[in-house]
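Q: I have a model open and want to go through some of its local features. Can you take my questions as they come?

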Amino acid sequence: MRTILNNCRIVNPYGEMPFMENGSILIEDGIIKKLGMLDPTIQVDETVDLSGKTVLPGMINAHAHLYSALAVGMPFPKGNPTNFTEVLEQVWWILDLALDKDSTRASYESGLIDHLRHGVTTVIDHHSSQSFVNGSLQLLVETAEKLGLNISGAFEMTDRNGDKIFQDSLEENLTFHRSFIQSDTVRPLIGLHASFTLSDESLQAISDALKNESHWGIHIHTAEDKADQLDAVNRGYKSTLDRLNHFGLLNKKSLVIHGIHFVEEDLKIIKDTEAMLVHNPSSNSNNRVGMTPNKTIQLCSSGLGTDGMQGNMLAEAKEGTLIRSGHLAGGETNVNYAELLFNNNPEIASNLFGRKIGKLDPGYAADLAIFDYTPRTDFNENNWIGHTLFGMETPSDVMTNGIFRIRNNEFIEIDEKDILSNAEKQSQQLWQKMEKIL
């Protein structure tokens, strides 16, 4: 199948051709073959006139929590949590314990719909449904495949709900890894919640289980709050990363999330193990846990995630820019969030999936976010950041693997109303279950 997209503004940040006002994109069997001014006589199966729309690469969320999709509008906790650990205990650890198969499915569907609606075509998810473990990651794959997204999954292992759920969670991760390690569109990772919710015995059990596996990587929250680092120190380690490294759990396929309270030794561990850091500014601000230092983000070539806050990566990049700006004095350099989104995230996703994802270059997956955007100021190769972060909102068309999933603002072969109606029903039941647990 060969498709050509004509008459479009191409915005390809950090790609081979970063900007072109009026060009074309040739797609063959789900892969970008050529772009620019193409031969008008080229033979194709389909020609699509985009009528001047702006094409961006399909975006990547490098750390999502789809299980939190039904938390929008959720009642506030009965208590008044005053620190990060109390927020976990009174909100998120109640929610993930209340989730069953039906509410998990609704979370996946509505969460992925939100991502796709905002031009996000690859989601790296970190899942937790502590009362529905077995088969939860298979359900994630089925949902992502139905919607056409690239998906990475991992189940959060933790000791907080007892040994049986820990063992079930370990087996779920291993089964998922073995089932999908060869897939092009699914990337399994080994999920750990955080160091401070796992004993040394559990970390050793995970390490032992992975000795007979290949091409694995972990997905874990690290140093999000000072409590995580303090717990590791109290156990006799220099830091959370030092503890994970002691058990041989860090490698170049591993995702470590947050890193707000890293110490200098942690930066060396990241460099030596080639583990990948993902920064989540809106969640960090919401949880009041601090701000990942500029030095950490830059030295680790950090990716960008939302930590379950939203499916809109352009909004996440904009909010990250504004949140950090609010803490800087005049003249100080901010983090380039567009680089995290359009350069670092594609590097992370391409490394994980083993194929080229996240840019509009030849050889990359034909994942596109297409905006019907009429700029009110000049749009050129020097000011694309301003337009993408502060001008564009929701794409009119989204393509994954060379197939339109949204065309002219309408989902194709996806019943959005039915998905959202079911999510509303499931959310009410979920919140009632949470009330009983509390």
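Q: Leaving aside neighbours within four places in sequence, what is D397 in contact with?
A: This is a predicted model. In it, D397 touches K53, L368, A369, I370, F404, I406, R407 and N408, with neighbours up to four places away in sequence left out.

Q: Which strand is D397 in?
A: D397 belongs to strand β16, which spans residues 397–400.

Q: Is D397 buried or exposed?
A: D397 counts as buried because its relative accessibility is 0%.

Q: Which side chain joins that of D397 in a polar contact of 2.7 Å?
A: That is the side chain of K53. The D397 side chain also has a polar contact of 2.5 Å with the side chain of S396.

Q: Switching to D100. Where does it lie?
A: D100 is in the loop between α1 (84–98) and α2 (101–117).

Q: And how is D100 classed by accessible area?
A: D100 is partly exposed, at a relative accessible area of 29%.

Q: What does the side chain of D100 reach at 3.2 Å?
A: The backbone nitrogen of D102. There is also a polar contact of 2.8 Å between the side chains of D100 and S103.

Q: Now helices. How do α3 and α4 cross?
A: The axes of α3 (residues 136–147) and α4 (residues 163–180) cross at roughly 40° and come within 9 Å. That angle makes α3 oblique to α4.

Q: Which residues make the contact?
A: On α3 they are S136, L137, Q138 and V141, and on α4 they are E172, N173, F176 and F180.

Q: How do those divide by type?
A: The contact of α3 with α4 has 4 nonpolar, 3 polar and 1 charged.

Q: How does β1 pair with β2?
A: β1 and β2 (residues 19–28) are antiparallel, with 7 bridges. Within that pairing, I10 is opposite M20 of β2.

Q: What about β1 and β4, how many bridges there?
A: There are 4 bridges between β1 and β4 (residues 46–49), and the two strands run parallel. I4 has T47 as its bridge partner in β4.

Q: And β5 with β1, in what sense do they pair?
A: In the parallel sense, over 2 bridges, with β5 spanning residues 54–57. I10 has V55 as its bridge partner in β5, and I10 also stands opposite M20 in β2.

Q: Last topic, the open sheet. In what order do the 5 strands come?
A: The order is β10-β11-β12-β13-β14, and the pairing is parallel.

Q: Which are the edge strands?
A: β10 (190–194) and β14 (303–304), each of which pairs on one side only.

Q: Over how many bridges does β10 pair with β11?
A: Over 4 bridges, in the parallel sense, with β11 running over residues 218–222. L192 has I220 as its bridge partner in β11.

Key. Residues are numbered from 1 along each chain as its sequence is written. This is a predicted model: local features need pLDDT of at least 70, side-chain atom pairs count only at pLDDT 80 or more; totals for chains, interfaces and linings use all residues. Side-chain values use heavy atoms; hydrogens and water are left out. Axes are lines fitted to C-alpha atoms, for helices over the stretch in contact, and angles run from 0 to 180 degrees between N-to-C directions. Angles under 35 degrees count as roughly parallel, over 145 as roughly antiparallel, 65 to 115 as roughly perpendicular and the rest as oblique. Contact means heavy atoms within 4.5 Å. Ala, Val, Leu, Ile, Met, Phe, Trp, Tyr, Cys and Pro count as nonpolar, Asp, Glu, Lys and Arg as charged, and the others, Gly among them, as polar. Buried means under 20% relative accessible area, exposed over 50%, partly exposed in between (1.4 Å probe, protein chains only). A polar contact is a pair of N or O atoms within 3.5 Å; within protein, one must be able to donate a hydrogen and the other to accept it, and residues adjacent in sequence count only if both atoms are side-chain atoms. Two strands pair if DSSP finds at least two bridges between them.
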